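The points are numbered and may be read against the display.

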Amino acid sequence: MKIVITESQYQKVVFSLLDTLYGPKILFKKDEDIFEILSNDGQEIFRLYTKTGKSKGCKRDMLVLSQTIEEIEGYLPPAVLRKKLFSKTILSYVNEKTNLDIDCIDFPYGIYNNDETYFENRYRFNVKKNKKTTTK
């Protein structure tokens, strides 16, 4: 049996998950060209690059920290994380909470090969251009 959900339903689920994990208030600290985006309890969950370290074509590139991805993977299947909708939803959530106008997202995810070897890969996405990005 297939279950079909709409984008708005998906967004509500992910927003609720993020609110539960990191609190309804998301704060940030600025250090030169980097913003540290913090959860309610002061834990860094995202890092925003505005000059160095950002992907090609991005003005504000948000890195989702490995620890944050691991926490989210405890609730969502890893295959969901490599989708455009997930990227758009995470950025919508952070933009709504911080008003930082972030346009790109970059996060690590782990996958297993056929021989059960684990390796880490990266997913980079530009929301405004609606396509995957590359590093400089």
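1. Beyond its neighbours within four places in sequence, aspartate 103 is in contact with Gly57, Cys58, Lys59, Arg60, Asp61, Leu91, Phe125, Asn126, Val127 and Lys128. The model is a predicted one. Aspartate 103 itself sits in the loop between α4 (84–98) and β5 (104–112).

2. Which side chain of opposite charge is nearest to aspartate 103? It is that of lysine 128, 5.1 Å away.

3. The side chain of aspartate 103 does have backbone partners. A polar atom of this side chain lies 3.1 Å from the backbone nitrogen of lysine 59. For the backbone nitrogen of arginine 60, the distance to a polar atom of the aspartate 103 side chain is 3.0 Å.

4. Asp61, one of the contacts of aspartate 103, belongs to strand β4 (residues 61–64), which is covered on both faces. Asp61 and Leu63 are buried on one side, and Met62 and Val64 are buried on the other. In a regular strand, side chains alternate between the two faces of the sheet.

5. Strand β4 runs antiparallel to strand β3 (residues 44–49), and 4 bridges join the two. Within this pairing, tyrosine 49 stands opposite aspartate 61.

6. The loop between β3 and β4 contains threonine 52. Is threonine 52 buried or exposed? Its relative accessible area is 53%, so it counts as exposed, the cut-off being over 50%. Threonine 52 and isoleucine 34 are 18 residues apart in sequence, and their C-alpha atoms are 8.6 Å apart in space.

7. Helix α2 (residues 66–73) has buried residues at Thr68, Ile69 and Ile72. Viewed down the axis of α2, its buried residues fall within an arc of 100°, so they line one face of the helix. An α-helix has 3.6 residues a turn, so residues three or four places apart point the same way.

8. As to the chain as a whole, it has 4 helices and 7 strands. From the N terminus on, the order of elements is α-β-β-β-β-α-α-α-β-β-β. Of the 136 residues in the chain, 41% are buried. Among contacts with a separation of 6 or more, 47% are between residues 24 or more positions apart.

Definitions and conventions
Residues are numbered from 1 along each chain as its sequence is written. This is a predicted model: local features need pLDDT of at least 70, side-chain atom pairs count only at pLDDT 80 or more; totals for chains, interfaces and linings use all residues. Side-chain values use heavy atoms; hydrogens and water are left out. Buried means under 20% relative accessible area, exposed over 50%, partly exposed in between (1.4 Å probe, protein chains only). Two strands pair if DSSP finds at least two bridges between them. The arc is that of the directions from the helix axis to the C-beta atoms. Lys and Arg count as positive and Asp and Glu as negative; His and the chain ends are not counted. A salt bridge is a side-chain nitrogen of Lys or Arg within 4 Å of a carboxyl oxygen of Asp or Glu. A polar contact is a pair of N or O atoms within 3.5 Å; within protein, one must be able to donate a hydrogen and the other to accept it, and residues adjacent in sequence count only if both atoms are side-chain atoms. Contact means heavy atoms within 4.5 Å.
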